[in-house]
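Please open the model in a viewer and keep the selection panel at hand. The stops below are arranged by chain and by element.

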Amino acid sequence: MTSTSSRWAFGSARWLWLLACIAVIAILPLVFQDSYWRGVMTICAINIMLALGLDFIFGYAGQLSLGHSAFSGIGAYTSTVLVTALGVNFWVAMLCGIGAAGLAGVLLSAFAVRLKGHYLAIASLGFAVITYQILVNWISVTQGPLGIYGIPSPPPLTIPGIVTISFSDQQNFFYLVAGAALLSYLMLRNLTRSPIGDALTAVREDEISAASLGIRGTKWKVVAFGIGCAIAGLAGCFYASFIGTLVPDAFFIVESFMLLAMVVIGGRGNLWGAVLGAVLLTVVPELLRGIGDARLIIYGLALTLVALFLPGGISGVLIQFARRFSGARGALAAKGPSHA
Amino acid sequence: MLDLLPIFAQQLINGLVLGSIYVLATLGLTLIFGVLGQINFAHADFVTLGAFAAFFVARATGGNYLIAILAALLVGALLGSIINGTVFSPLRNADETRPLVATIGVSVLLENTALAFLGPVPYAFDSPYSSQVIRAAGLFFTVQNLLVVIIAVLAVGSLYAFMKLTFIGKALRALAQDREAAGLMGINQKQLIALTFIIGSAFAGLAGAMLGPILVLTPFAGASVIVKAFAIVIIGGFGNIEGTIVAGLLIGLIESFTAQFLSPGMSDIVVFGLLLLTLAFRPTGLIAERREENV
Amino acid sequence: MPETSLSGTAAIAGNAPVAPTLFSVRNISKSFGGIHAVRSVSFDIPKATVFAIIGPNGAGKSTLLNLLSGNYQPDTGTLLFDGADLAGKPAYERARLGIARTFQKIRLFKHLTVLENIIAGFHIHRKLPAWEYVWPARAAEMDRKRCREEALELLTFVGLVDRADTVAGSLAYGQQRMLEIARALATKPKLFMLDEPAAGLNNAEAGFLLERLDTLRKQQMTIVLVEHNMELVMNVADRIFVLETGQQLFVGTPDEVQSDPAVIAAYLGEELH
């Protein structure tokens, strides 16, 4: 459930799993050749990054952030404005976007992490509203509700003498975003297994006894926020480039709730739950296209039911099943499936 | 300078009306937050549903506003009872973020279900008073506006009296201060908490009935108010009725004045900036670190 | 060992330490609202001794402990720990300086395993090169191994080594208490403070606790013990500080404490041995 990871040896299992993921990513655009589904997969990868960042903040550090989408918006607008208005190189602008989002996360949390649960949640909501309003009203920079058009794809990457990778090609763009998502996952997973992860877990579980062990709660919460929001900023940069148009409404409050739903329904505190939730809540509505706005009704219902009855989310249920099949309760072997 | 005076005065009126709206919408939230320390994220949707209940009942009874208001109260009370029974009561001892997350889900569910049934087009809710206009000393407001202020005052007054003078009210205050001690004194928590939700949500319904004719009535009417309502609860102080009144009116005034003299979009920024400032500087209760926990 | 004298400290009646002082407390007070929980309390805690704090219910013992650990900040007074002034230092900083504690109400990471609880305690002593937090390699592997080994040692010390992978919340109460002790010891403290560790333990468990504390003391650990269990206190303490309504009633050796009339009166005939 929410325990720290088991100590898999740095060995074959991990490499095998990594190879499998790369294989899946490589194959996907070949299986789905039409641009619509490739678009869905790209959005899915973006949502995975967002959900991972939020899981790191909420699932590991225990901070209920209700405005995660706003940080994506900060990343998106920062990089986009730099590219379109100031002609900055895309990759440099992307770094700035990541930095801006991460910095915003650090600022909000440095301020808000002293606050108890509900107050933190509302502070994050307030921050998201302010961000949204700034995006809408600072027309000279953001073009307001009309939005910014004609956002270019990333410029081609040239490995001299070998190949030039063009990202206006949908397949290559997908590889780029999916690769970033995979790297984000790897980075976060390694972090959570490191002493940093142990500190975050301690702070989440009981901040007072964590303090008695020398672990400073506020510091780690700020770290978690900074990293989680930086990843959100990265996702935002890709989003802007992918859609080609940027409007503030893409980062409205309800989007933050959808991200929360992904993390809660997928199961928080183990990273792969967030991936699962992101995939489910991105793909399933596309499969149910005919239902239209019933999509949000289903989200709302699913979020409510999971919060009420399945606190561990879907991943929690799967872990329970795996434990039961493995028999021995609490033995190290039974932890296997829960930590990919 | 003097010619600014009528504009100033008009904004003052607008601000007070807006503030009264916020106070009505927030009162129930404050009560629940104060007694239980929990936030019902769907509270604003109770306001919306109360407004729709009033709308349909008014239409069915040929324009009887009074019965419409009662219907809204009942709908609110019922919703409060349901949400307590399904979400807050079962999760009383669980991790404190779970009810909040659950009510976010409920809110999304309610809004979009209402959208599916009622459509996105605003409903024209005309109370008998919304078209009656009063002009006095160059100022302008409708009787409905006046009614909102009056009802807000009455609502606040009656809640105040209830909390200070009746036994149940005192029990609720005891519960708010120290749940464990209150339990030890034989106060039946479950029933009191249920009552709190019923009263608080009834107020939401009432607010809906009053606001229906004023706000744009769509399934998302409440949502436009909800985030400010949270801000008011916090700026006003932890479940503090007096604070809610002051904060509600203050925010109504701020919004009215910034909309007039700056721009409508800025008002949200100012209000939430104020919220964040409050969270930064208010000493008691809000900031866990300063309140030394007994270990 | 040469006696260390701390500047500005007046001799306190009955206080004649033979070991150097690890923790010097002077005139600390704490009020909550109008209630004076602790009033101008002073004492010295010598190194490698067991210093017990006893007193009737409501005397302010837990408050005093919280003041030492940093969970509360004193209104007045000074705290000198191993030469460092603790003024304004919050709990986590004091833990890093070497003050460990357990809590009256056991605070474990109930959803984590026994081993994971201990490893959390090692945190302040774990260091990796920056890049290995994101891409673990040899140093991370060695760190993990060492953590596990040392954790198992600690678990052996408290008799929980066969429960290493059990979820902490499912342990029996007495075992949870020992786990909390082991976890605190993982921080490699200079001072170990326990808040009523024997509460809720049966005789056998209390006896084991007594024996473990004695072993720690022999290993030169300085221990502060807040306790109600007089048998435990009289058997393990070197010095006893008696607190009543927030003020010092008496301080001395177990024998002295047991025969002091004021102490006896305060306990109104309770068995002191």
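Helices (H or I, at least four residues) and strands (E, at least two) are DSSP runs, numbered from the N terminus. The model is predicted: local features need pLDDT of at least 70, side-chain atom pairs count only at pLDDT 80 or more, and totals for chains, interfaces and linings use all residues. Residues are numbered from 1 along each chain as its sequence is written, and chains are lettered from A and ligands numbered from 1 in the order in which they are written.

**Chain C: helix H1 and the sheet**

Next select H1(C) itself, residues 61-69. Is this helix mostly covered or mostly open? H1(C) is mostly covered, with 9 of its 9 residues buried (20 or more other C-beta atoms within 10 Å of a residue's own, the C-beta atoms being placed from the backbone). Among them are C:Leu64, C:Leu65, C:Leu67 and C:Leu68, together with C:Lys61.

An open sheet of 4 strands runs in the order S2-S1-S4-S5 (chain C), with antiparallel pairing; two strands pair if DSSP finds at least two bridges between them. Strands of a sheet pair through backbone hydrogen bonds, either parallel or antiparallel. At the edges lie S2(C) (35-46) and S5(C) (84-85), each of which pairs on one side only. H1(C) packs on this sheet and touches S1, S2 and S4 of chain C, its direction making about 60 degrees with that of S2(C). Here, touching residues have C-beta atoms, placed from the backbone, within 7 Å. Zoom in on S4(C) (residues 76-81), which pairs with S5(C) in the antiparallel sense over 2 bridges. C:Phe81 stands opposite C:Ala84 in S5(C).

**Chain A: helices H7 and H10**

Select residues 170-193 and 217-243 of chain A, which are H7(A) and H10(A); they pack at an angle of about 175 degrees with their axes 11 Å apart. Axes are lines fitted to C-alpha atoms, for helices over the stretch in contact, and angles run from 0 to 180 degrees between N-to-C directions. H7(A) and H10(A) are therefore roughly antiparallel to each other (an angle over 145 degrees). Display the side chains of A:Phe173, A:Val177, A:Ala180 and A:Ser184 in H7(A), which meet A:Ile231, A:Leu234, A:Phe238 and A:Phe242 in H10(A).

**Between chains A and B**

Finally, select the contact to which chain A gives 35 residues and chain B 38 residues. On the side of chain A, H5(A) gives the most, with 14 residues.

Technical notes
Contact = placed C-beta atoms within 7 Å. Buried ≥ 20, exposed ≤ 12 C-beta atoms within 10 Å, placed from the backbone. Parallel < 35°, antiparallel > 145°, perpendicular 65-115°, else oblique.
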